[in-house]
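Dear colleague,

I am passing on to you the structure below, together with a summary of what was found in it. Please read the notes alongside the sequence and the coordinates.

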Amino acid sequence: MQQQSSPSPKKRVAVLISGRGSNLSVLLQAARDPNYPAEIALVIANKADAGGLDLAVQAGVPTAVLLAQDFPKDRAGYDAALQAVLVEHRIDLVCLAGFMRLLTAEFTRLWAGRMLNIHPSLLPAFKGLAAQAQALAAGVKIAGCTVHLVTADMDAGPIVLQAAVPVLADDDEASLSARILAAEHQCYPKALAWLAADQVMVCESDGGGYQVRLRQRDTTREQGALFSPTIA
Ligand code: GRF
C-alpha cells in the first residue's frame, strides 16, 4: 500500500503592528491560499487605534493590544507580556509590520531565526525612522525595501529579500513611499512563505557577517540591472 505523506502543518504567525496595516493586509491575503505555508493566527498592536486591527477583525483573526503605558519604563515587562500572548496562541513565527517599538535583546533571542521585519530602505542604508526621507535627503537614485530576520540590533539582521525601485527626479516623500510600499507588498508574503517552508538558511558570510541562502532555489539567476535614471 502506498503511504500518503501528510502536508506539513501551516506555521502559526503573529503580525505585530502599530498603524494602518497594509503589509498585514497582503499577508492576510496571501495566507488565504490553501497552499500558503503559514496562517495569520494573531495580530498584536501597541496602539489601540491601529487601523490594522480592523483588518484582522474583518478577517476573523484574534487580536491583542499591548499598550506601553501599562508597562511604564519597563521594556522587559512589556516584552514578557508579549511573549505570554504569543505562547498562549501557540505562535511559530512573528512578522513585524510597521511595529514602532524596539524589542529587548532577550526577546529577539527567543525568536532568533523566527521573526521577520520589513523596512522601507535597501538596508544597511537608512536604518531607523523616516527611511524614505533619508533616501531623498541623501540623493540616492535607487531606493527600495528589505525583509530581514530580526536580531538585537535595529534593522540589522540577516537579509532575506530586497526589492529596488527608482527614485524619480520629482519624487517627494509621499510618492517615493508609495512606490516602495508597492514593492513591500510583493516582498513580505514571499519572504514569509520561504521562512514558513523552512527555506531560509542563515550562513556566515565571507566578511564575518551573516547571509541568508534559500535551501531549494537557484538564487543566482541574473535578472538584469535597474538603471536610475534610465540610460539609452
Ligand atoms: C512600512 O513602510 C514598513 O516598511 C515600515 O512601516 C510601514 C508600515 O506600513 N516598517 P503598513 O502599516 O504595513 O501599511
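Domain 1 (9-111) and domain 2 (119-218) each contribute at least three residues to the shell around the ligand. Please bear in mind that the model is a predicted one. The ligand itself is placed in the largest pocket. Two elements, helix 1 (22-31) and strand 5 (115-119), each give two or more residues to the shell.

The ligand shell

The residues around the ligand are Arg20, Gly21, Ser22, Asn23, Gly98, Ile118, His119, Pro120 and Glu184.

- Arg20 places a polar side-chain atom 2.5 Å from an oxygen atom of the ligand.
- Asn23 has a polar backbone atom at 2.9 Å from an oxygen atom of the ligand.
- Ile118 has a backbone N or O atom that lies 3.0 Å from a nitrogen atom of the ligand.

On its own, the ligand has 360 Å² of accessible area, and the protein covers 87% of this.

Backbone geometry

The second topic is the backbone. Most peptide bonds are trans, and most residues other than glycine have a negative phi. Against that background, the following places deserve a separate mention.

Pro124 belongs to the loop between strand 5 and helix 5 (131-138). The other joins Ser228 and Pro229, where omega is about -5°. Pro229 is located in the segment after strand 9 (210-214).

The loop between strand 5 and helix 5 also holds Phe126, a residue other than glycine whose phi is positive, near 60°. Ala130 is found in the loop between strand 5 and helix 5 as well; although Ala130 is not a glycine, its phi is positive, at about 50°.

With kind regards

Technical notes. Residues are numbered from 1 along each chain as its sequence is written. This is a predicted model: local features need pLDDT of at least 70, side-chain atom pairs count only at pLDDT 80 or more; totals for chains, interfaces and linings use all residues. Side-chain values use heavy atoms; hydrogens and water are left out. A residue is near a molecule or strand if one of its heavy atoms lies within 4 Å of it. A polar contact is a pair of N or O atoms within 3.5 Å; within protein, one must be able to donate a hydrogen and the other to accept it, and residues adjacent in sequence count only if both atoms are side-chain atoms. Accessible areas come from the Shrake-Rupley method with a 1.4 Å probe; for residues, only the protein chains shown count as cover. On a 1 Å grid over the protein atoms alone, a cavity is a set of points where a 1.4 Å probe fits but cannot get out, and a pocket is an open set with protein on both sides within 12 Å along at least five of seven lines; lining residues have an atom within 4 Å of a point. A molecule sits in a cavity or pocket if more than half of its atoms lie within 2 Å of its grid points. Helices (H or I, at least four residues) and strands (E, at least two) are DSSP runs, numbered from the N terminus. Domain bounds come from an automatic or database domain assignment.
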